[in-house]
Every structure is written in C-alpha cells, then in structure tokens.
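Please consult the sequence and the structure shown here.

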Amino acid sequence: MFFALIADEINIAKIRENIFNLSDEELIKSAKLLNLVPIPSNKYELEELIKNISPDYEKYPTTDKRIQLGKKLFFDPRLSRSGIISCNTCHNLALGGVDGIGASTGHKWQANSSHLNAPSVYNAVFNARQFWDGRINHLKEQAKGPLQANVEMASSSDDLVAKIKSIPEYVDEFKKAYSNDIDIDFDLIAASIGIFERTLITPSSFDEFLEGDINALTSTQKQGLKLFINKGCVMCHNGINIGGAFRGFGFNRYQYVNYGDFRGNENNRVKVPSLRNVAKTAPYFHNGSVWTLVEAVESMARIQLAIELSEEEIKDIIAFLKSLSGKMPQIVYPELPASSDETIRPRLDY
Ligand code: HEC
Ligand code: HEC
C-alpha cells in the first residue's frame, strides 16, 4: 500500500511534467488519470451515478412528481418567514445558481453574519461536501439550514410544516408524489427540494472533451487545461465537479482574510469549490472578496501553490475555465398553489 502510494505520486508528477508534449488523446487520458471526471452524457449512467452519490436516494428515489413538487418549493417565497425569500433569491437559477453579491442577504436585509458568498446550486448534487466548511454531505440536510437560519429564510420547522399543510394543493401534491398516507414533515419538505436539486446539472464542452471529442475545446482552452494540470490546480480541483470534494488551505496567505470572520473548519480549511460555471458566479471565494477571474486565478496560484503565473498563463487558464460553463437545464417557472385562509401570514419583523 505504502509503495503503491509512492508509485502513484511519481506517476502524477510525471504526467504533470510531460503534459505539454501530449497529443489530444493522451491529454484526455492523463486528465482522467488525474481524476478529472466527465458528467456522463448517457442518461442512464448519469442517473446511476446520482443514485450512488445521493445518501437519501434509496429512501427517496427521483420521480417526475417529486421533481415538480421540489421545484415549486424551491421557488416558493412563502417558505420564508417574510414571504419574500425563496431558495431562488440567493441561488437564482437564471444567474448561474447564485445571487451575484458578496455576502448573501436574507431576512430583514441582513447580510450573512460571516460575510459568506452563496455557492451555486447547479451541480451541487455532485459535491461530496456542502457549505464552505464542508460540514454536510447531503442535499436534504443542507436544505434544512437556510430554511431555518435567521439571516436567510428564518422559518421555524413547525411554521413551515403548518404552512404547507394549510395549502390544499400542496397536500395533494405530496400525496401524489409519495403516498396517500404520507406525513408531511420538515424532513420530507427538505428531501423534496433536494430531489429537485438532483436535476440541476450543466454538462459543458469540457465534458464532451473528456468523453473523447477532441474538437470540443479550442487550442487555447487545451493549453489552459495543460497549465491547470502542470501548475497543480488539478491537485485540489478535481473529481466530477472540479472541486467540491475536500478542503484546501488558504488562510495564512489570504489577502482578504479579514473580510468576514469565516475561518474554515476546525483545522482552518475551506472546501475546494466546484469550478463548473465559474465564469458566471462572481464574486469569488468564500467571502465574495474577489470580482474578476484574473484576480481569482492569480491569487490561487499565490495562495495555494506559492507560484506566480504570467499574464499569458492566466489568460489561457481562464479560457479553460470558460469551457466549464455548461448547458443549463430548461426550467419552466412553476405556478404556485394559492394560500388558504389558514396559511400563516408573512412576518417581515420591521
Ligand atoms: C439568504 C440567501 C440564501 C438563501 C435564501 C438560501 N441559501 Fe443556500 N446558501 C447560501 C449561502 C451564503 C451558502 C453558503 C453557506 C455556508 O457555507 O455556510 C449557501 C449554501 C448552499 C448550498 C451548498 C452548496 C455548496 O457548494 O456548498 C446549497 C446546496 C444550497 N445553499 C441550497 C439552498 C436551498 C435548497 C435553499 C432553499 C431551501 C437555499 N440554499 C436558500 C445562501 C442562501
Ligand atoms: C491546495 C488546494 C488548491 C489548489 C492547488 C488550487 N485551489 Fe483553487 N480553490 C481552493 C480553495 C480552498 C478555494 C476556496 C478559497 C476560499 O474561498 O477562501 C478555491 C477557489 C478557487 C476559485 C474561486 C471559485 C469560487 O467559486 O469562488 C477559483 C477560480 C480557483 N480556485 C481556481 C484555481 C486555479 C486556476 C488554480 C491553479 C492555479 C487553483 N485554484 C489551485 C483550493 C485550491
């Protein structure tokens, strides 16, 4: 085992060193050896993958009715105490799944107390870990956070369940999506939103490239990919989400360290974010302190790798990052069921 590990490390170092001499076919092979993984274009394969990585899939398999229900809940601002904040407020699906502001802002116009930036919900299903400190690995458990957080949607779980139960069409839809005697509780509401999130997947030209289409990337993008590998970005940003799996370091050399009080997990480590659609999700980093990809890439080289990149190298890497801008799923804006006389009214807490 020990020797195997060393052998692997030598191989990785060799691949990185030789990457500029490779043909397109060899580049694809090497990228895969370095754990860059495509979103499968085959629908069946994709569903199998999602099944394997979703901890609650067995209990709650994806069905069309559940997706439609979860979509309504995702877009329904009544899930918040004020009645005006939905998941889509901060994870705007028309805007790359983010809000595009530095610190996310929720109930009573409060900014996130640690100045945290909203990561995208697109492809979040592929994250082995959720949140900037990577504390949760589960979309269902994740969704419970913002629904209740005071600075986000500020709803109590009891209020939330009461609201849903007061809307006859929702009750009916839960029955149709699950079973006639289903008990609508907080867990099931969160699970339904998580099931919708399983569909928020954006395959890109990089995936086509990894699946063997050597013309899917431009020559500048291929050069950027080679730099991404050669310089070592790939050591942290890998897997199907080109990130999302584990935590990198960052604070000791971080220029904007005092922008907000977030310091990562107990070991001061930050989750390595996914780079899918990164060209659409400025501002960057956990605290939204950086607005341009040029500065983000330049800082990464300095902070994480202790190297300097030339302007040309940064340009090529950014060209590669743009190949991660994927095809967004077409989402029809849902019509939400009407409240009833019993539905708890909005509370803005002025
Ligand atoms: C007020 C803005 C706001 C609202 C509303 C909100 N979120 Fe978030 N979301 C955030 C922020 C900020 C983070 C990062 C928090 C952290 O890391 O601690 C986050 C993190 C996430 C993540 C983790 C992604 C990753 O890469 O780590 C997912 C998934 C997510 N939210 C889904 C949802 C869902 C589903 C809802 C609705 C139930 C929702 N959010 C409502 C701001 C918001
Ligand atoms: C040692 C691990 C590691 C290496 C190596 C690394 N990164 Fe990162 N990357 C991270 C972490 C951790 C963050 C989040 C930092 C934060 O938010 O404070 C990040 C964030 C980013 C972001 C911002 C994403 C967002 O949505 O906010 C970009 C862009 C990025 N990295 C690109 C690169 C490039 C390009 C390289 C190579 C030059 C690279 N990274 C090397 C760990 C790494």
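Predicted model: local features only at pLDDT ≥ 70, side-chain atom pairs only at ≥ 80, totals over all residues.

H91 is located in the loop between α5 (87-90) and β1 (105-106). Helices (H or I, at least four residues) and strands (E, at least two) are DSSP runs, numbered from the N terminus.

## Polar contacts

Polar contacts with the ligand are pairs of N or O atoms within 3.5 Å. A polar side-chain atom of H91 is 2.8 Å from a nitrogen atom of ligand 1. Backbone atoms also take part: a polar one of F131 lies 2.6 Å from an oxygen atom of ligand 1, and an N or O atom of the W132 backbone is 2.7 Å from an oxygen atom of ligand 1.

## The surrounding shell

Ligand 1 is surrounded by 30 residues, each with a heavy atom within 4 Å of it. The closest are C87, C90, H91, F131 and W132. At least two residues of the shell come from each of α5, β1, α6 (139-148) and α9 (186-197); α6 provides the largest share, 5 residues.

## Basis of the values

Residues are numbered from 1 along each chain as its sequence is written, and chains are lettered from A and ligands numbered from 1 in the order in which they are written. Local features need pLDDT of at least 70, side-chain atom pairs count only at pLDDT 80 or more, and totals for chains, interfaces and linings use all residues, while side-chain values use heavy atoms, leaving out hydrogens and water.

Methods:
Polar contact = N/O pair within 3.5 Å; in protein donor to acceptor, adjacent residues only side chain to side chain.
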